[in-house]
Amino acid sequence: METMAATIERISAETTAPTTGTPRERAVRYILAGIRLALGWIFLWAFIDKLFGLGLATESKNAWINGGSPTKGFLTFGVAGPFKDVYAGIAGAAWADLLFMAGLAGIGVALLLGIGMRAAAVAGGLLLVLMWTAVLPPENNPFMDDHLIYAAVLAVLALVDAGDTWGLGRVWARLPIVQRMRWLR
């Protein structure tokens with residue numbers, strides 16, 4: 001039976017970048033891990049702010065726990081372009097609020113922990129593309145904006161297993177369910 005110290009040492013070794021590879025390869029792994037953590041925090045912070053209404057982007061009176069809708073304000077007043085009526089039709093719907101909040105929380109936690117990177121990239125990419133379609137055309141460019149860049153970054157992070165560095169990606173990958181269903185990686 002493994003001691004607590006040995007378990008902590010093993011998990012620590014499994015959650016940091018391998019020491020193999022060139023200095024450049026190690027630097028890239030660390031940079032991508034930092035980007036993963038930053039993007040994870042962006043998603044998780046959006047969830048926390050909308051849930052509790054901390055006064056930065058969401059006022060307390062509009063917090064989800066106070067009966068506010070995380071989708072109503074933006075989808076009613078902030079949407080423009082060819083999909084305006086589609087989004088206005090789902091603004092404030094309980095199912096839309098639940099899916100949106102579950103998506104923000106799930107994507108944020110997955111990215112911060114470095115687990116389920118493929119699922120997080122697909123879900124996050126879909127959410128970001130939907131958010132992009134809500135403001136077509138973007139304000140400062142004919143078609144490109146940060147939502148599309150973030151979606152591309154999510155794809156890169158999943159493709160290079162960025163959850164393995166400063167995350168639980170390697171531990172997660174060894175779970176029997178993840179071994180059977182590789183898309184959970």
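Does Trp41 count as buried, partly exposed or exposed, and what is its relative accessibility? Trp41 counts as partly exposed, at 43% relative accessibility. Here buried means under 20% relative accessible area, exposed means over 50%, and partly exposed is what falls in between (1.4 Å probe, protein chains only).

Before going further, keep in mind that this is a predicted model, where local features need pLDDT of at least 70 and side-chain atom pairs count only at pLDDT 80 or more, while totals for chains, interfaces and linings use all residues. Residues are numbered from 1 along each chain as its sequence is written, and side-chain values use heavy atoms, with hydrogens and water left out.

Now step back and take in the whole chain. You'll find nine helices and zero strands, so the run of elements from the N terminus is simply α-α-α-α-α-α-α-α-α, with helices (H or I, at least four residues) and strands (E, at least two) taken as DSSP runs and numbered from the N terminus. Along the principal axes, the C-alpha atoms fill a box of roughly 55 × 40 × 35 Å. The chain has 185 residues, and 36% of them count as buried.

How do the parts of the chain meet? Take the contacts (heavy atoms within 4.5 Å) with a separation of 6 or more: 62% of them are between residues 24 or more positions apart.

Next, the aromatic rings. The whole structure holds two aromatic pairs. Rings of Phe, Tyr and Trp (its six-membered ring) pair if their centres lie within 6.5 Å, and planes under 30 degrees apart count as stacked, over 60 as edge-to-face and the rest as tilted.

Trp41 and Trp45 are four residues apart in helix 2, which means about one helical turn separates them. Trp45 is partly exposed, with a relative accessible area of 28%.
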